[in-house]
Amino acid sequence: MALLTTKQWKITGTDHDFDGLSFEEAIVPQVGENEVLVKLRAASLNYRDLVILKDKYPFPLKFPVVGGSDGAGEVVKAGPKVSKWKAGDNVVTLFNQGHQYGPLDIAGAHTGLGGVIDGTLRQYAVFNENGLVRAPKNLSHLESCTLSCAALTAWNALFGLKPLKAGESVLVQGTGGVSIFALQFAKAAGAVVIATTSSKEKVEMFKKLGADYVLNYKEDKHWGETARDLTGGQGVDHIVEVGGEGTLEQSLKAIKMEGIISIIGFLGGAKPQSSVIECLTNICTARGLFVGSRAMMEDMVAAIEANDIHPVIDNKVFTLEETKEAYTYMFGIAYTC
Ligand SMILES: NC(=O)c1ccc[n+]([C@@H]2O[C@H](COP(=O)([O-])OP(=O)(O)OC[C@H]3O[C@@H](n4cnc5c(N)ncnc54)[C@H](OP(=O)(O)O)[C@@H]3O)[C@@H](O)[C@H]2O)c1
């Protein structure tokens, strides 16, 4: 039988910016006993994919590696001991392939797709059966392929440590992937959402998605205090902190006593002025997190179906061959990193 081949984008290193991406054809490995061959139909990029090539990614990496953590497709073949999947099933990839349930450990943190383990920027891939999750029935492949990183991170922030309750308040920062998913999940859970953006044009988009209040973080430098005022002075229950430098200080102004600041990103830089001692003075929890487990992703898929949540997708979609243009496009609309 002829060997199956796949076109794929490999990251060769971090010292050549986006030229560290190389397009090649490779042989697809045989499917092992507990493995599954997937025909990937769609993949999406995250801020993480940009910063890997710019040598600013703080988590484990191993080169060369096929890029991309997020992908959706259908099972083509399942190994003889696979119990979860059969040919034709629609699946999405799990970001940290080894993070199955419960707390993340060191071994699990070294299993990032497109970082340590070959990822989704290819036509075909073989995964362990536990490295996949059923795709939501209400979503297309294009929509499902956005769930592995940004959506699961947002889910973990809101439900991973101290689950959000109806009537509580959530603050999300900027109109990036993590923040938009957090807004959608928070509204579905019955929370009040305060969103920030630097863009006047995006205010309407946030409102259409259900944000109760939208603040412009460029015009209102004290947006943390404004957010607190909007809660009647009590403060916000959950803050999805993606800015780091430039936002953490305001997040600490906005947080409620016993509230949770989920420390997720560093869009504004990784050296904020604020210190952890301010968690004591504000009596709050600041919690670093790294995407989420398969068990959390299964819960998230169920919630996406029950609430018919649809990811917000950019108008511009690229072919696999155009992946380098997709990186450049995303970098152009994203900022400095
Ligand atoms: N810890 C984890 O497991 C994990 C997982 C996923 C992502 N992350 C991190 O989370 C961050 C967000 O990721 P993403 O994929 O959602 O990014 P993204 O989609 O690229 O977010 C882009 C948006 O972020 C907003 N933004 C940019 N600079 C900002 C700043 N200084 N302060 C506040 N908002 C700012 C802008 O919104 P406006 O145009 O509306 O202003 C921009 O459009 C990144 O740092 C990423 O590395 C971490």
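1. A residue is called buried here if 20 or more other C-beta atoms lie within 10 Å of its own, exposed if 12 or fewer, and partly exposed in between. These labels are applied below to a predicted model.

2. Helix 10 covers residues 294–306. From its first C-alpha to its last, this helix of 13 residues reaches 18 Å, close to the 18 Å expected at 1.5 Å a residue. Its buried residues are Arg-294, Met-296, Met-297, Met-300, Val-301 and Ile-304. Because these cover an arc of only 150° around the axis, they sit on the same side of helix 10. In general, an α-helix has 3.6 residues a turn, so residues three or four places apart point the same way.

3. The other side of helix 10 can be described as well. Ala-302 and Ala-306 are exposed and are carried on the face turned away from the buried side. The buried residues of helix 10 are covered by, among others, strand 8 (132–134) and helix 4 (147–159). After the helix comes Asp-308, with a positive phi near 45°.

4. Asp-299 also belongs to helix 10. Is Asp-299 buried, exposed or partly exposed? Asp-299 counts as partly exposed because it has 15 C-beta neighbours inside 10 Å.

5. Helix 7 runs over residues 223–230, and its buried residues are Trp-223, Gly-224, Ala-227 and Arg-228. Viewed down the helix axis, these fall within an arc of 145°, so they line one face of helix 7. Several elements cover the buried residues of helix 7, including strand 9, strand 10 (192–197), strand 11 (213–216), strand 12 (236–241) and helix 8 (248–254). Just after helix 7, Gly-232 has a positive phi of about 75°.

6. Gln-173 lies in strand 9, which spans residues 169–173. Gln-173 is buried, because 29 other C-beta atoms are found within 10 Å. Leaving out residues up to four places away in sequence, Gln-173 touches Ser-179, Thr-196, Val-240, Glu-241, Val-242, Gly-243 and Thr-247. By contrast, the C-alpha atoms of Gln-173 and Asp-89 are separated by 35 Å, with the two residues 84 apart along the chain.

7. Turning to the domains, the assignment for this protein gives domain 1 (5–148 + 293–321) and domain 2 (161–288). Their C-alpha centres lie 28 Å apart. How many residues does each domain give to the contact? Domain 1 gives seven residues and domain 2 gives six. On the side of domain 1 that touches domain 2, there are four nonpolar residues, three polar residues and no charged residues.

8. The ligand is surrounded by 32 residues. Which of these are the closest? They are Gly-174, Gly-176, Gly-243, Gly-265 and Gly-268. By class, the shell around the ligand divides into 14 nonpolar, 16 polar and two charged residues.

9. The shell can also be sorted by where its residues come from. Domain 1 and domain 2 each contribute at least three residues to the shell around the ligand. Helix 1 (47–53), helix 4 and helix 5 (177–188) each supply at least two.

Key: Residues numbered from 1 in each chain as written. Predicted model: local features only at pLDDT ≥ 70, side-chain atom pairs only at ≥ 80, totals over all residues. Helix = DSSP H or I, 4+ residues; strand = E, 2+ residues; numbered from the N terminus. Expected span 1.5 Å × (residues − 1). Arc of directions from axis to C-beta. Contact = placed C-beta atoms within 7 Å. Near = placed C-beta within 6 Å. Nonpolar A, V, L, I, M, F, W, Y, C, P; charged D, E, K, R; others polar. Domains from an automatic or database assignment.
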